Every structure is written in C-alpha cells, then in structure tokens.
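Please take me through this chain by question and answer. I am new to it and would like each answer to end on the thing asked for.

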Amino acid sequence: MDARSLRARLAGGAALVLLATGLLATPATADDPTLTVVVGAGGVEFMDEFGSGPEQPWTTSVTVEVFSAASSLAPLATATKTSEDLSGGFAFTLPEGDYRLRASADGWMPGWYTGEAHDDAIYSLLDLYGWNPASTFDTATIVHVDAGSATDHQDPAIMLFRSGSGAYGVVARWSDANWNPDEMWPDGTVIYAELVPAGGGAPVATMRTSSSAYAFDDVAPGEYTVRATIGQAPEGTEPGGPGDLVDTEVWWYPGTQDAARAGTFTVESGGGHFVAANVATDTAPMEGEAAVISGDLYAGGFATVALPSEYEGFFGLNADAVEVETYEWFLDGEPIAGAYSSTLAIPAGSEGQELSASIDVNFLPAAMRFTYRAAFTVEAPTGNVFTAGVPTVAGQAILGRTLTAQPGTWTPAGTKSFQWYRDGVAIAGEVTRQHILVEEDLGTALTVTITGTKPGYMPAHRTSAPIPVDPAPFAAAPVPTIKGAARYGTELTVGGGTWRPQPVDVTYQWFRDGVPIDGATDAVYTLGADDVGAAISVATTGSKAGYLTAARLSAPTTPVALAKIVAPKPDLIGQPTVNSTLSIDTSAWTPAGATIAYEWQRNGGGNGFLTVATTPTYTLTDADRNKKIRLVVTVSSPGYETLQRTTAATVNITP
C-alpha cells in the first residue's frame, strides 16, 4: 500500500475515533500561525455527518485556551468558534515560550492536549488512539515555540468526551475501494455493539450503532471486549436488541469470530477513554515478514513467538496505542485448543511434528491486519524436562528502585541463573535476581530470563513479560504558598512543603493577574509599582530524572495595596520675624526621593489661610507682619499612598 493510499485510509480511519479529520491543516509555512489546534468530538454524533464533510456535532461554541506551561491560573490566549465555523481549526500566533492547550464546550468535559511532538498533522490524530487517561494541567503536553515561531507539534489535536470514562469504536468492513463508513454496509443492515467483561458474562452495555459507530460512556474500571452482531431486522419489525436480528454474523474485538480469541482492553480507574475499540470484520490480512519463535524448542519445552526485531510498527508509527496483537498456535496445521497467547508449553509427544504460530497485528486506525508467521519442527528432548511457568517481576519500575525476579515453581528446583534485558538486549553484568533501575532504562521495557539447569535435564529458559519503565509521579509535589504582605515594596517568598524524593530541581515563575512576569523566576519577588491592584501568584515546577515534570500553582494574593509613606508631622524651623527663612526637616521621611509639594500659607480674614509660596523654604516679608504662617506638604511616590502633613502655625510674625 503506497503512502497516498495509507493516508486516505488513515483519514477514513480517523472517523473510527469519531474525530473531524476534515480539520487537518497543511504543513505550516513561515507566514502561518504558530499553532493550529484541532478539536474533535468523542461520540457517535460525528458519524452521522461524516459522509457530508467535516461538520461537528457541537450544539454550542467551542473554545481553545493557551496557557503558560507553568500556570493554569488564566489563559494567555483564547479562541472561540461557533458550531457553524469550526473548519480550519483554531489558529494562534505565539511568542517564544512553553505552553499547554485546553479545549472546552458546553455539555462536554474539557480536555487538555496530551499528544507527542510530530511534524505531520496525521500523527497528532494517532495520538488519540488507545487508552487516554483523564487529562489535567499536570499531564498536558508542554508545547514549545521557539524564537522563530516554529514548533514540532504540528496541528495538535484534542478530543472532548461526554463523560469521564468510556470506550468508543466502529464496526468496520473496509475494502481497498471503499473506506467510507456510510457505504461499508448494505442498506437495511442493523448492527448492535455490546460491551462485554473480559472472560465472558452478560454485557454491561448494548447499543445500536450509528453509521456503524458506537460509544459507551460512564464505563466502570475493568477489562472489556466488544461483541458486534450484524444482521437484518425481520420485515416490518423494529428490533429491540441483537437477539431480534436474522441472518446474523457475530464478530469480536479486534476482528475474530472466535470468542476465545477476542482481544481485550482496559478502562482504568481515575477516568479516561479507550478510543478505537474497533471491530474489523472480514478484513483479509496482508502477509508480513516472518515472525520469530524462540525458547526450548523440544517436546515438553516452552516456546515464545514474537515480531521480528526490526519491526517498527505500521509504516513507522508508534505501536503502543494503535496496534492490537492476537496469537494462535498450530500443530501440523491444526489449531491447538486455547493456544492464543505469545507463549506455549510445547505438547509432550509432539516431536517430529511442525509447530507453527501466527501473529495478527491489527492496525486500529485503518482496520488493517498483517499476519506474521513462523514454524519449526519439534525436536525430541535428549534428557528430562523441567516444568516451569513464566517468571514475574516484583517492584516498582521507578528510577532508583529495585526490581526482583520471581522464578515461581520449578520442578525439579535445579540451579537458576538470571539475565536482565533492556528492549531485548542483554544488559551487561545484570545477572542476579535483582536489577536497580538506572537512567538508561527510562523509556524501555525490561525483561528477565531465568535459565534452569540440572544434571540429566534439558536446560530450560523462561522470560518474564516486559515491564515498561516510564517516568513516575513525584511522591510529594506540594502546592506553594506565598509569604509576605501584598503591599508595594514588600518582599514575597515561596513557602510550602518539600518535593520528594529529593533532590528535585525546582524552578519558579511569578504571575501578575495570571500573566507571567518577565524575569521573575526566583524564590523571592519584590512587589513593584506595576503590581499595585493586581493579584500575585507563583508556580513551582519540579523536575528530576525518571520522574514526570510537575507544576504547582499557589493561590493568588489579595490585590497588592499601596505602601504607606512614613512622614511624621513636621515642625517649622526658623524665627517668626521678618527676613527670617522658614523650612522643615524631611531627612527621616521614607521612601527617600519621594516627591514633596510645598504650600506656604498665610492666614487671612477670619480663620482662613491662603497660599503665598510653593518653594521648599520661605523667607518672611513685611506682608507677613502680624500674620501667622504654616506649611502644608503633600508627599507622593509611585506605589505609595499620597500623604499630606500640615505644620502648626507660627505666632504672629514680628518686625
């Protein structure tokens, strides 16, 4: 399949996650906005409009907000569109910096952008497949924009959902000539989807699909599969469920008619959504390269089948979220009952027979399937055979912690040796039961292989399931507090608890009414004139190798108040006689450098005083004879409350 055909199928497959792929933008140029954010709807509503274009099912306006990566207090930029004008996405032109993105709409739960960095918009959509934990500010992806207004997050996509947890997909029957969901089923076809607990049991939810799409909302945590019943309603009847259909066929997620081979997916606690729990029906697989079978390949031994080491996912795409693998083992071409995992205890007495395995790799976004096969002739053991299960690994996969191999029961016990592997490559020197996690383990999957030996027995090898080593959350990530009065000139400091485990690199960013203050990145901040009347907050960001970077935001202060000028009531200096000079002493007043306005006043008729001079000093004249003089000073300074002081009046001026 060429790249153009793949993109077309991916575009059709994007409808499987009920996302408006019509909003995909072309790669940005130097004159384009920094970011164009795509917002999609997680639900069956979009499918009803898919055939007629990228309309969205919103019944209200949709808003996208851009936040500083350090603060969720207030957005730095906001864009809102009505339901009639969502084409082209939400465009933002942003200065250099780090950002987080959120979308919201009435009746839908808000969602944060959690994708990975991509330079092609189609890959941003693929980030939405698989399990999507409930998104928060802390788990949102930090999108960096450089000085040239460039970013490698091409058209980041956010999907909104109706409820806090759910599973969504479509019952698909694609062909190379037809990738349109509206045309994949003959007229009159009725499809019911049922959400079934893993291991069997009664469905926990059933719905008649809309344009072959289904959406299960408010799903409780657990492991599930999906059963699709496809058929016709008896003429003149309205079916009430899958049991009312005739001429039916039944398919299971991700694409089998054998219930024992049904795949499963997990809806985790804490909220989240499994996107593209698709059921591909009657989709002919394409043959991939040879699979690899390893292990103790003799009768009574233990075999493992895996994809070839050079396998990189479909067309280089990340396999974690977009692929589901199913397995089956055969002996001389006949299926082995219940053999549907990647490992197999080779049947005793099977020497001389052909043992084969197949791996069906289901590519969810485009309902494609590739089959990888491998086979070998079972050998006869040349000694006794161990009985042993698959080992497990105990411990938390957190940097610095210790993992311990648990061999399980071996019969006989024999002598055991250990070898740890990182992404399938042996780790030099790691040959004991325990492995201490180091930085090189981050982003990889660890396994341990146990080899059992005993005189007279065939060597036996057992390998644990992979343990992914991902960054861990901090044990303690405290919300900062602000110490100090919210008054101009006051020094504010950051308080709060201690980040753990120590040491943690903690950085700071102060905010004025939710907007980052340039250069205010220390643990101490002195309130300035620009802060007066504003609420001040501070964000702390903790980072440590092996841990998820986390940001915490303080509560805002009360609006910053003006400071108070310190200026005791002054006394006049000088003699109350003509030709004497009067003044006051302001040397103890603070702040130093404050502006002082002078009004020398002479009493007139009655008890009133009239201003006669506005200089810092005043020399008495004949006009002041037999009059009283006083001084009114007004003291002002940016960030301070204006203060007025009036001296006591002199006695009557004498010659």
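What follows is a set of questions and answers on a predicted model.

Student: How many helices and strands does the secondary structure of the chain come to?
Tutor: The chain has 655 residues. Its surface accessible area is about 29500 Å², and carbon and sulfur atoms hold 50% of that area. The secondary structure comes to three helices and 51 strands.

Student: What share of the residues of the chain count as buried?
Tutor: A residue is buried when its relative accessible area is under 20%. Applied to the 655 residues of the chain, this gives a buried share of 46%.

Student: Of the contacts with a separation of 6 or more, what share is between residues 24 or more positions apart?
Tutor: A contact here means heavy atoms within 4.5 Å. Among contacts in the chain with a separation of 6 or more, the share from residues 24 or more positions apart is 67%.

Student: Which strands pair with β34?
Tutor: Strands of a sheet pair through backbone hydrogen bonds, either parallel or antiparallel. Strand β31 (residues 415-422) runs antiparallel to β34 and is joined to it by eight bridges, with Phe-418 as the bridge partner of Ile-450. Four antiparallel bridges link β34 to β35 (residues 460-463), and two link β34 to β36 (residues 467-468). The strands asked for are β31, β35 and β36.

Student: How many bridges join β20 to β21?
Tutor: Strand β21 spans residues 302-306 and runs antiparallel to β20. Gly-295 has its bridge partner in β21 at Ala-303. The number of bridges joining β20 to β21 is five.

Student: Is Val-305 buried or exposed?
Tutor: Val-305 is found in strand β21. Its contacts beyond four places in sequence include Tyr-327, Trp-329 and Ser-342. The C-alpha atoms of Val-305 and Ser-342 are separated by 5.4 Å, although the two are 37 residues apart along the chain. With a relative accessible area of 3%, Val-305 is buried.

Student: Why does the pair of Trp-112 and Phe-137 count as it does, and what is its type?
Tutor: The chain has 14 aromatic pairs. In this one the ring centres are 5.6 Å apart and the planes stand at 75 degrees. Planes over 60 degrees apart count as edge-to-face, so the type of the pair of Trp-112 and Phe-137 is edge-to-face.

Student: Which parts does the pair of Trp-112 and Phe-137 tie together?
Tutor: Both residues, Trp-112 and Phe-137, are buried. They are 25 residues apart in sequence, so the pair ties together strand β6 and the loop between β7 and β8.

Student: Which residue has its charged end over the ring of Phe-137?
Tutor: Phe-137 belongs to a cluster linked by ring pairs, together with Phe-67 and Trp-112. The charged end lies 4.3 Å from the centre of the Phe-137 ring and belongs to Arg-100.

Student: Is Ser-583 buried or exposed?
Tutor: Ser-583 lies in the loop between β45 (581-582) and β46. Leaving aside neighbours within four places in sequence, its contacts include Trp-600, Pro-616 and Thr-617. At 19% relative accessibility, Ser-583 counts as buried.

Terms used: Residues numbered from 1 in each chain as written. Predicted model: local features only at pLDDT ≥ 70, side-chain atom pairs only at ≥ 80, totals over all residues. Heavy atoms only, no water. Phe/Tyr/Trp six-rings, centres within 6.5 Å; stacked < 30°, edge-to-face > 60°. Buried < 20%, exposed > 50% of the residue type's maximum accessible area, 1.4 Å probe, protein only. Lys NZ or Arg CZ within 6 Å of the ring centre and 35° of its normal. Pairing = 2+ DSSP bridges. Areas by Shrake-Rupley, 256 points an atom, 1.4 Å probe, with all protein chains shown as cover.
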